[in-house]
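Trainee: Please take a close look at one part of this model for me. I would like to hear about the aromatic side chains and how they pair.

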Amino acid sequence: MKADISPFNLNNTRKSIFKFSLLLIVALQISSCGSAKKSSYFNEVGNNTFSSHFEPLEPILQKNDLLSINISSLNAEVTEMFNIANNVGGTQTVGYLIDQDGYIRFPVLGKIEVSGLTKKELREYIREELISKRLLMEPIVDIRFMNFKVSVLGEVNQPAVFTIPNEKVTLLEALGMAGDMTIYANRDNVLLISEEDGVKSTKRIDLTSDELFTSPNYYLKPNDIVYVQPNDRKVRNTSNAAQWFSVILGSLSLAVISISTFK
């Protein structure tokens with residue numbers, strides 16, 4: 001028996017569904033507007049000038065750091081013996097690994113305790129030793145990290161471990177390398193995990209505030225880990241409420257398709 005649906009009832013049903021659809025769209029727009037502010041950086045930053053009262057912190061040398069130490073002087077032949085660890089076969093770079101006791105083994109100078117020093121302090125120490133032992137005249141010592149890495153995890157588009165060749169990276173640059181935060185990222189509670197001398201420390205950073213520009217956490221240190229936590233929106237989207245919302249939308253679509261077949 002064929003269903004008897006009058007044009008009047010059909011029009012009323014379509015109007016009801018149309019009104020319900022409008023209500024859903026408005027609700028979604030209100031929800032989006034409410035979360036838009038939380039999805040952006042530095043909401044209250046205007047045309048300001050920020051003076052940083054700090055220089056990028058020079059990292060402290062630690063166990064398992066891999067260093068490139070290059071020596072140069074006017075006597076190239078003698079200098080070559082101090083650069084053996086930098087080049088093997090002319091191509092492969094080996095470097096100096098700080099052992100578990102905090103030492104490296106440097107040509108001629110022997111064991112040097114470097115853990116706890118800065119690159120500048122180690123550079124000056126090696127230079128003074130080469131001069132005082134009359135091994136080289138006016139040597140130039142260049143020290144670089146070979147394993148300066150930071151990790152960006154959590155609600156970012158491309159979580160990964162990144163090697164920083166120039167040994168200088170800001171928190172914002174690291175997030176950029178990770179493809180920026182997703183829409184589900186909690187921007188006012190980013191976790192920064194650092195380690196120094198075997199002691200881990202954690203800090204919470206609010207990226208909706210302009211305080212980052214004057215914070216010592218603006219520049220990352222080797223082996224820092226940035227973890228971006230999910231916001232409440234993602235939690236809601238994975239809850240039962242979100243599943244029921246999908247069921248309602250599916251039922252609405254099915255109703256529209258069914259009514260269209262009676263035309």
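Mentor: Start with the cluster: F82, Y96 and F106 are linked by ring pairs. Keep in mind that the model is predicted.

Now the count. Two rings pair if their centres lie within 6.5 Å. By that rule there are five aromatic pairs. Take F82 and F106, among them. Their ring centres are 6.2 Å apart and their planes meet at 15 degrees, so this pair is stacked; the cut-off for stacking is under 30 degrees. F82 sits in the loop between α2 (76-79) and β2 (96-97). F106 belongs to strand β3, residues 103-106. The pair therefore ties together parts that lie 24 residues apart in sequence.

Next, burial. The cut-off for buried is under 20% relative accessible area. F82 has a relative accessible area of 0%, so F82 is buried. F106 comes out at 3% and therefore also counts as buried.

Turn to the pair of Y96 and F106. Here the ring centres are 5.4 Å apart and the planes stand at 35 degrees, so the pair is tilted. Y96 lies in strand β2 and F106 in strand β3. They are 10 residues apart, and the pair links distant parts of the chain. Y96 has 5% relative accessibility, so Y96 is buried as well.

One more ring deserves a look, this time for a charge. K111 lies over the face of Y103, 4.5 Å from the ring centre. The distance limit for such a contact is within 6 Å.

Note on methods
Residues numbered from 1 in each chain as written. Predicted model: local features only at pLDDT ≥ 70, side-chain atom pairs only at ≥ 80, totals over all residues. Heavy atoms only, no water. Phe/Tyr/Trp six-rings, centres within 6.5 Å; stacked < 30°, edge-to-face > 60°. Helix = DSSP H or I, 4+ residues; strand = E, 2+ residues; numbered from the N terminus. Buried < 20%, exposed > 50% of the residue type's maximum accessible area, 1.4 Å probe, protein only. Lys NZ or Arg CZ within 6 Å of the ring centre and 35° of its normal.
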